Every structure is written in C-alpha cells, then in structure tokens.
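Subject: Structure handover

Hi,

Here is the structure I promised you. Please open it next to this email, and then read my notes below.

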Amino acid sequence: MTWTRHHVLGLKDWTVDEYDTLLQTASSFREVLSSRTKKVPALQGVVVTNMFFEPSTRTRSSFELAAKRLSADILNFAPGNSSLTKGETILDTAKTYLAMGTNLMVIRHRQAGVPHAIAQEMDRLQTGVGVLNAGDGQHEHPSQGLLDLFTLCCLLDFDNPRFALLKGKKIAIVGDILHSRVARSNIWSLTASGADVHLVGPPTLVPEWFKEMQNESHEGKLFLHWELKPALEKADFVMTLRLQKERMTDYLLPSLREYNQQYGITHSRLELCHPDVKILHPGPVNRGVEISSELMDDPNFSLIQQQVTSGIAVRMALLFLIGTSSEKSL
Amino acid sequence: MTWTRHHVLGLKDWTVDEYDTLLQTASSFREVLSSRTKKVPALQGVVVTNMFFEPSTRTRSSFELAAKRLSADILNFAPGNSSLTKGETILDTAKTYLAMGTNLMVIRHRQAGVPHAIAQEMDRLQTGVGVLNAGDGQHEHPSQGLLDLFTLCCLLDFDNPRFALLKGKKIAIVGDILHSRVARSNIWSLTASGADVHLVGPPTLVPEWFKEMQNESHEGKLFLHWELKPALEKADFVMTLRLQKERMTDYLLPSLREYNQQYGITHSRLELCHPDVKILHPGPVNRGVEISSELMDDPNFSLIQQQVTSGIAVRMALLFLIGTSSEKSL
Amino acid sequence: MTWTRHHVLGLKDWTVDEYDTLLQTASSFREVLSSRTKKVPALQGVVVTNMFFEPSTRTRSSFELAAKRLSADILNFAPGNSSLTKGETILDTAKTYLAMGTNLMVIRHRQAGVPHAIAQEMDRLQTGVGVLNAGDGQHEHPSQGLLDLFTLCCLLDFDNPRFALLKGKKIAIVGDILHSRVARSNIWSLTASGADVHLVGPPTLVPEWFKEMQNESHEGKLFLHWELKPALEKADFVMTLRLQKERMTDYLLPSLREYNQQYGITHSRLELCHPDVKILHPGPVNRGVEISSELMDDPNFSLIQQQVTSGIAVRMALLFLIGTSSEKSL
C-alpha cells in the first residue's frame with residue numbers, strides 16, 4: 001500500500017493498512033540498525049525540527065537519533081531560551097522554523113491540541129510540512145503507542161511483525177489512566193488490532209466515562225476495573241503507567257505506598273496472568289511504586305528495554321513515511 | 001573581487017563591493033538550498049562555535065543550519081552551564097574554544113563591543129579565526145542587516161540581487177530605534193545603497209542625536225520623525241521593530257495600547273505608502289503591537305517569512321566568505 | 001600491544017604499556033587533526049552519549065568534537081530537563097540510553113563512583129558498552145590526567161611522545177589538592193612514569209594523609225609541602241589547580257588575596273625552578289588567584305592552550321581505543 005498521511009497527530013483514526021505499513025517499515029529499519037554503519041541516506045537534505053515546549057530528554061533523544069540514522073539535519077528548539085518568552089505565538093515560532101527550511105516538525109506540548117493547530121496551519125499555507133505529535137497534554141502520544149505495538153508484535157513474530165497477531169489477546173493497562181496520553185494512544189491501537197483492553201486503577205484515576213473510548217467498529221473491547229484481579233486474570237500483557245507524584249497533592253491518591261499495595265505489579269501478582277505474560281512501562285519508572293524493582297529487572301517478564309530500542313526503529317519509520325509522503329506532495 | 005575581511009562585526013565600514021559580493025554569494029547558496037541534498041562540502045573540517053552569551057534560539061538555529069549546509073562542525077557554547085559562572089573571563093572562554101580547534105566564532109552578547117574584543121584578541125594572537133557578530137548590545141546586528149538587504153534586493157530582481165537596486169528607494173524604520181541594533185545595522189547598509197531612511201517613533205525612542213548616524217559619504221539620506229505620516233508617505237518599504245515590554249517599566253512608553261494607536265502598522269495606514277509597499281520585521285513579533293495581526297499574515301505585504309529564509313543563505317555566505325578568507329591568511 | 005581495557009574510570013591501575021599505547025594513538029590523531037578534513041571514519045555508526053549530570057561546557061565540548069572527528073553520532077543528556085527530576089534512578093537513565101543503541105558513555109557526576117557503578121552494570125548485563133569517566137566527585141578525572149601527560153611528553157619529544165620521557169622530572173602540583181580529582185589522576189600517572197610529584201598548598205587543602213597515595217611500585221616519589229619554596233626548587237613543571245571560591249565559606253581558606261600571596265604562581269616565583277620550567281592549569285582559571293595574569297599569557301611558560309588542544313587528540317584516542325575494544329568483545 002502507499003502511505004498518504006502527512007501528519008501523525010494521534011492513532012484514533014488509523015487504519016489496519018497504516019498499522020501494517022508502519023510495522024513493516026519499522027522492521028526494515030530494525031535491520032538497518034543492526035548493520036555496520038546503521039545509517040541510510042533516506043532523508044538527506046531534510047530538516048527535522050524538535051519543538052519540545054515541554055522538556056523530555058528521553059523522547060527527544062530518541063527522535064534525534066532516529067533522524068540522524070536517516071541522514072536528516074536536526075534543529076532543536078529549546079523553550080527556555082526561546083522567543084516564546086519574548087511574546088511570540090506558538091504558530092509564529094513554527095512558521096519561523098518553516099521559513100528556515102524545516103520539513104518535519106516533532107512537537108511536544110503540555111497543552112492538548114498544539115500539534116494539531118500547527119499541522120492545520122502548515123496545511124492551510126500548503127507548506128508540505130509534516131507534523132509528528134510527540135505528546136500533547138493528556139490527549140495522545142502516538143509514537144509511544146506505536147513502539148508499544150511494534151514491541152508486542154515483534155515478540156509474537158520477530159521476523160514478520162503484523163497487526164493481526166494481537167487479535168484475541170488480553171492486555172491490562174494499570175495505573176493513572178486519567179492523565180495518560182500513552183494509555184489513550186494504546187487504547188486506540190490495541191482495540192483496533194482486535195485485542196481486549198482492560199483498564200485498571202483507583203476510581204479517581206479510572207473514571208467511568210473512559211467507557212466512551214470504546215470504538216464500536218473495533219474488534220477489541222474495552223473494560224474498566226477498580227481492582228487488579230479481574231484485569232490481570234489470564235492477561236497476555238500488562239502495561240504499567242508512570243504515577244506522577246503531583247497526583248497526591250491533587251487529592252487523587254492517598255499515598256504512593258497505599259497505591260503500591262493496591263495496584264503495584266509484582267512477581268506474585270503476575271501469577272494471575274497467562275504464564276507467558278510480559279510487562280511494559282513507557283518510562284521513566286518509579287521503582288517500587290508502579291512495579292517492583294525485581295520485576296522490572298527480570299528479563300523473563302520485562303519488555304521495558306525492548307520498548308526503548310523499538311522507539312528508534314518506529315520513529316525512523318514515522319519520519320521516513322511522513323518525510324517521503326510530504327516530499328511527494330510538493 | 002576578492003574578499004579580504006576576516007571578521008564581520010558591523011556594517012558601518014562596508015564597501016559597495018563587499019555588499020555586492022555578499023549578495024551574489026548568498027544568491028548562489030540560495031540555489032544550493034533548492035537542490036536535492038541542500039549541502040556543499042565548502043567548510044568540511046571547519047569548526048564553527050556558536051557563543052551565545054545572550055540566548056537566542058532563532059538566530060542560533062539559523063547560524064547552525066547554515067553551518068551544517070556548508071558541512072562544518074558546530075559546537076554550541078551554553079552560557080548557563082559554562083565556566084563563566086566559575087569566574088573565567090570571556091576572552092579565556094574564547095581562547096579555550098580556539099585551542100579546541102575553532103575556526104569561526106559566532107558571538108552574541110548583551111554588551112556592545114564583546115565580539116570586537118574577541119576579534120582583536122584573535123588577531124593579536126595571529127590565530128586566523130574569524131569572528132561574526134550575531135548581535136552585541138545596542139550596537140550592531142550585521143547578519144540581520146544583510147538578510148534584510150538580501151530580501152529587499154531579491155524582491156527587486158530575484159535572479160540578480162545587487163546593491164544598486166535600492167538607490168532612490170524610501171524606507172521607513174518604525175519603533176524603538178534607540179535600543180535597536182537591527183536599526184543601526186540597517187541605517188548603515190541602506191544609506192550606503194543610496195536609499196533614504198526615515199526613522200519614526202516616539203521621541204523617547206527616536207532621540208534627536210540619531211541624526212549623527214548620517215554618513216556624509218553615503219548617497220542615501222537619514223530623516224527623523226515623531227509622527228508616522230511623513231515617514232510612511234510614498235515609502236517603498238516599512239521595517240517594523242520589536243517593542244520590548246521592559247521599555248514601559250523604564251518610563252519610555254505610556255502603554256502598549258497607546259503605542260499601537262500611534263505607531264502600529266495596519267493595512268489602512270499603508271495607504272499612505274507606495275502601492276507596492278512591503279513590510280519587514282526582524283522578529284519575534286508582538287502581534288497587535290508593532291503591526292496588526294492581519295497585516296503580518298498578508299502575503300501581499302509581508303516579507304517576514306522571506307527574511308527568515310534569506311537568513312540561511314546570507315549566513316552561509318558570511319560563514320563561507322570569512323571561513324575561506326581566514327584559511328588563506330594562515 | 002593490544003588494548004583490552006573496556007572502561008576508563010581512573011588511572012590508578014594503568015600499566016606502562018597502556019600509557020604508551022594511549023600516547024601513540026593520540027599522536028596519530030594529532031596528525032589527523034592537522035589534515036584537510038580533520039575526520040576519520042573510525043567510529044562510524046557508533047553512538048557516544050555524553051551524560052553530564054554535573055554540567056561542564058568545556059569538557060563536554062571537547063568530548064563532542066573528539067567524537068565528531070571520529071564520525072560517531074553524539075547524544076547529549078541534559079540533566080536539567082531529564083527524567084531524573086521525575087524520579088528515575090541513574091542506572092535506569094543509563095539503561096535507557098543503552099537501549100537506544102549507545103556504545104560509549106561519557107559520564108560526569110558530582111558523586112565519586114557513579115561512572116564505576118554504571119560500568120559495573122553495563123558489564124553485568126554483558127552489553128559491551130564502554131564507560132569513560134569525565135570527572136567523578138573528588139575521585140578521578142582520567143582524560144584530564146592523560147591530556148596533561150600527552151602535553152608534557154609532546155613538549156619533550158614532539159614526534160615520539162612516550163611515557164619514559166618523564167623519568168626523573170620534578171613536577172609541582174600547587175593548590176587545592178584535597179578537592180581535586182585532576183590532582184589525583186595526575187599523581188597516579190606521573191609517579192608511574194618515574195617523575196617525582198611535589199604537592200603544595202595550605203595544610204587545610206594538602207592534608208598529611210595524601211602520603212598514602214604513594215604507590216610503592218611506582219618509580220616516582222610523592223612529596224608534601226605547605227610552603228612553595230621546596231616544591232618549586234628546580235621543578236621542571238608546575239601544575240596549578242583551580243581554587244574554588246566556595247572553599248572559603250567552608251573555612252578552609254582565609255581569603256583569595258591571602259592565598260594568592262602565599263601560593264599564587266608568578267614570574268618571579270618561577271626563578272626557583274628549572275630555567276625551562278613550564279606551567280599547566282586544567283582551567284577554568286581564576287586570573288590573579290592561582291596564577292598571575294601575565295604568566296598565564298606568557299607563551300614562554302604557559303602550556304594552558306596546548307592542554308586544551310591535546311584534549312581533542314587524547315579524547316579521540318580514548319574513544320577510539322575503548323570503542324574498538326568494546327566492539328571486538330561483542
């Protein structure tokens with residue numbers, strides 16, 4: 001199939017074909033990364049600008065290395081030293097980087113919708129620039145959802161990772177669902193694949209209205225729980241989420257210790273799951289809160305390192321697919 | 001002609017030949033930027049160090065991309081984390097980067113004269129290092145002046161931008177002239193080209209002594225106004241300047257709103273100008289203060305995006321001309 | 001000889017063969033740096049991650065340029081914007097960069113032992129990743145010790161710098177020995193070479209127990225002094241150390257002025273030394289405190305600029321030796 005999408009702002013409307021193209025492309029870049037030089041000239045001359053209005057060393061480094069492996073040039077926009085503090089609007093900042101020759105913008109912002117607004121403006125001006133959402137508020141974090149997907153599919157069939165492999169799997173997502181853009185992106189992709197997704201956490205962090213995220217045309221179903229047991233039973237995968245400490249000052253949680261006692265994932269709690277169960281976490285991890293330190297370090301269960309590694313291949317695939325599609329459109 | 005200048009610290013003493021060489025060189029790099037790979041090996045092995053003691057994402061990114069397009073290696077000196085906080089002098093910091101192998105230094109500092117002091121020291125030590133002033137206090141911002149010049153000349157003759165095209169044009173510069181290094185660099189270059197420059201703004205920000213900036217050997221004349229009308233009448237170009245909010249706390253301005261009412265540039269005010277009038281702004285823009293939001297976004301009038309685009313080609317030309325001249329001198 | 005060391009954490013246990021291999025390798029890279037392109041493809045495809053938990057523009061830039069000259073890809077981990085502030089452990093941060101594909105980690109931390117802990121974890125996980133200590137607390141700063149060594153040996157025989165050249169030389173190290181990781185690394189390497197090392201400074205900063213740093217199997221001897229005279233007499237080299245201003249608030253020093261009067265190095269004080277005496281300083285320098293401004297700028301005595309220049313070749317050698325040794329081990 002041919003790739004036509006110019007921006008990746010969220011996974012809500014992705015098609016099965018798009019997921020499969022992404023997985024195949026990432027798979028071929030995984031091979032590039034195991035070669036001697038680790039580099040392809042695919043995006044030579046292309047300028048990728050990282051616009052991280054909300055700082056994140058981990059995700060920015062991942063996009064930066066992905067862009068370097070594709071031979072792109074990278075500009076880093078640092079919010080602290082920026083024109084924003086001088087009163088410039090975000091759209092004007094984006095247009096400045098456009099005018100410098102930016103072809104692809106990777107955008108993170110604490111406010112949901114900022115990448116969309118920039119993408120819309122780029123389209124209105126017929127610039128051909130592609131926008132990649134690297135996390136916007138509590139809305140979506142599509143590259144994280146896709147690297148989770150790639151990690152799972154590679155585990156199920158390393159040489160031929162494809163969307164259909166997840167059909168019928170049970171996947172529990174544990175923790176602060178309410179504030180998690182990672183959870184939202186995963187809900188869209190996983191239910192689309194035909195996997196059943198079980199959300200679990202304290203009622204303050206897993207509100208009832210999350211049921212509305214069930215896409216009726218998706219084969220996979222969405223379930224909500226406030227106790228671990230039904231969510232973990234026979235689960236094939238358990239995704240743990242980062243618990244932000246500021247949630248307690250917001251009176252959403254009594255204490256980290258109490259949270260850990262009720263929802264922390266440990267070896268013994270995994271006995272409820274499928275014997276081959278694996279654990280994921282988008283990082284950074286609060287050891288001993290969301291997940292026990294022993295479990296996190298146990299290579300028999302933890303896919304956490306593989307997630308980070310998948311991130312490079314998946315982000316190369318995203319930059320490549322959008323970068324070459326934008327080019328054709330010009 | 002052959003280029004002999006080792007440093008670009010200001011435009012005050014530039015010759016017509018130098019302006020034309022710069023315009024021609026920038027024009028040829030503009031072609032490189034429209035090619036497939038966008039890169040030339042001209043400065044391979046050359047180290048460009050960005051020393052931005054005063055932070056600026058926009059200008060630093062522009063120099064960084066220009067250096068990358070010329071295949072140079074770039075070091076970024078970050079003031080926050082620097083040895084300066086450990087008591088090192090600025091000249092010692094510069095000499096440290098010299099000893100690492102720096103060939104070209106791009107320097108921004110909030111104090112006028114810092115780039116000159118470093119250039120002087122580099123010459124005294126016979127280092128062959130070229131220094132580029134990227135903005136020093138209220139003194140000069142030569143690369144901005146040159147990119148404005150290139151933008152204007154390209155508009156008048158895209159294929160053959162040359163200095164003589166501006167002869168007899170009327171150019172208004174509106175706003176906080178007093179604190180603007182951009183205005184100063186533009187006054188030197190534009191009056192040298194034979195254009196007449198009309199400065200306009202409130203008396204606190206356009207003091208009478210600016211008349212002393214008239215270079216008697218320049219064909220273009222310098223005029224001062226405290227009301228918009230005479231400055232805009234039949235103007236070919238209107239340069240608006242950034243109004244810094246701290247000016248009000250210095251009691252130089254009553255309020256932004258009042259400033260906007262008296263000196264803000266709008267569509268209707270442009271009716272006084274030549275029918276083909278164009279607007280410039282060095283950015284970042286305070287929308288609705290210096291210029292109306294509608295005018296800024298109107299491609300029939302605004303050259304603001306072209307200015308940013310010109311910046312890459314002009315800075316490539318500066319780095320190339322100084323970089324190859326320094327080399328020959330060694 | 002073949003290089004087998006996977007990490008460079010300190011110089012305490014280095015062998016004569018290792019020092020000579022390092023000096024020869026640095027010498028050949030010094031030639032690369034004087035060539036036209038200044039670049040070799042030696043580490044193409046290799047990812048070098050700078051993890052400077054304690055900020056340092058000077059040392060980071062030196063490692064960054066060294067890595068670029070070897071064609072490696074560089075990631076910079078910035079502590080301010082990092083996951084550390086989100087509760088992630090240092091080992092988890094390191095493992096995240098490992099999972100992204102990092103081959104070499106350059107680590108600076110204000111706590112002694114952090115690079116060792118990371119190296120140990122990398123070995124335990126059989127990653128093949130090499131760790132380079134870029135300064136840990138008051139423990140060691142091996143690349144600084146090695147660039148000092150290379151500077152001295154090149155002075156004694158430019159074309160064939162070798163360890164044996166220092167045998168029998170007298171080297172004074174002046175100042176805040178107590179808090180200096182640079183002094184410690186130099187004590188190990190210089191006494192191993194057969195040079196005699198004379199430590200001198202106020203008793204609060206040169207405590208008696210430093211005598212325990214004498215390695216009995218080293219041919220060079222270690223001496224302690226609290227007055228300049230015996231340390232400087234007939235010295236071939238004088239290494240001055242940075243005096244950190246916070247030492248005074250710790251009641252270890254009466255005042256900078258008094259320190260300078262007793263221990264500051266000046267032209268007249270050098271008359272006690274060997275007529276060909278040379279001065280070193282690891283930088284950044286407090287002019288007029290550790291060393292007089294005139295002496296620092298006197299090319300007949302000062303090796304300070306050469307030290308910085310040596311840093312690039314020595315760090316290229318370190319990255320190359322560890323990078324190619326790690327590779328073979330995989």
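Chain B and chain A bury about 2200 Å² between them, and carbon and sulfur atoms give 45% of that area. Please keep in mind that this is a predicted model. The contact draws on 27 residues of chain B and 25 residues of chain A.

Now the charges at that interface. Side chains of opposite charge can pair when their charged atoms come close. Between chain B and chain A the count is five salt bridges. One joins the side chains of A:D73 and B:R69, at 2.8 Å from N to O. There is also a salt bridge between the side chains of B:R287 and A:D92, at 2.7 Å from N to O. B:R287 sits in the loop between β9 (278-280) and α10 (293-296) of chain B, and A:D92 sits in helix α3 (residues 90-99) of chain A, so this pair joins two chains.

Next, chain A and chain C. About 2200 Å² is buried here, with 45% of it on carbon and sulfur atoms. Which residues of chain A lose the most area to chain C? They are A:T57, A:R58 and A:L65, which together make up 22% of what the chain A side buries. In this contact, chain A supplies 27 residues and chain C supplies 25.

This interface has salt bridges too: five are found between chain A and chain C. In one of them, the side chain of C:D73 meets that of A:K39 at 3.1 Å, N to O. Over all chains, the count comes to 51 salt bridges.

Last, a helix pair inside chain A. Helix α5 (residues 142-156) packs against helix α6 (residues 181-193) of chain A. Their axes are 8 Å apart, at an angle of about 50°. Angles from 65 to 115 degrees count as roughly perpendicular and those under 35 as roughly parallel; α5(A) and α6(A) are therefore oblique to each other. The crossing of α5(A) past α6(A) is right-handed.

Which residues meet there? From α5(A) come A:P142, A:Q144, A:G145, A:D148, A:L149 and A:L152. From α6(A) come A:V182, A:S185, A:N186, A:S189 and A:L190. By type, the residues of this contact split into five nonpolar, five polar and one charged.

Best wishes

Technical notes:
Residues numbered from 1 in each chain as written. Chains lettered and ligands numbered in written order. Predicted model: local features only at pLDDT ≥ 70, side-chain atom pairs only at ≥ 80, totals over all residues. Heavy atoms only, no water. Axes fitted to C-alpha atoms, helices over the stretch in contact; angles between N-to-C directions. Helix = DSSP H or I, 4+ residues; strand = E, 2+ residues; numbered from the N terminus. Parallel < 35°, antiparallel > 145°, perpendicular 65-115°, else oblique. Left-handed = near helix turned anticlockwise from the far one by under 90°. Contact = heavy atoms within 4.5 Å. Nonpolar A, V, L, I, M, F, W, Y, C, P; charged D, E, K, R; others polar. Buried area = accessible area lost by both parts, 1.4 Å probe. Salt bridge = Lys/Arg side-chain N within 4 Å of Asp/Glu carboxyl O.
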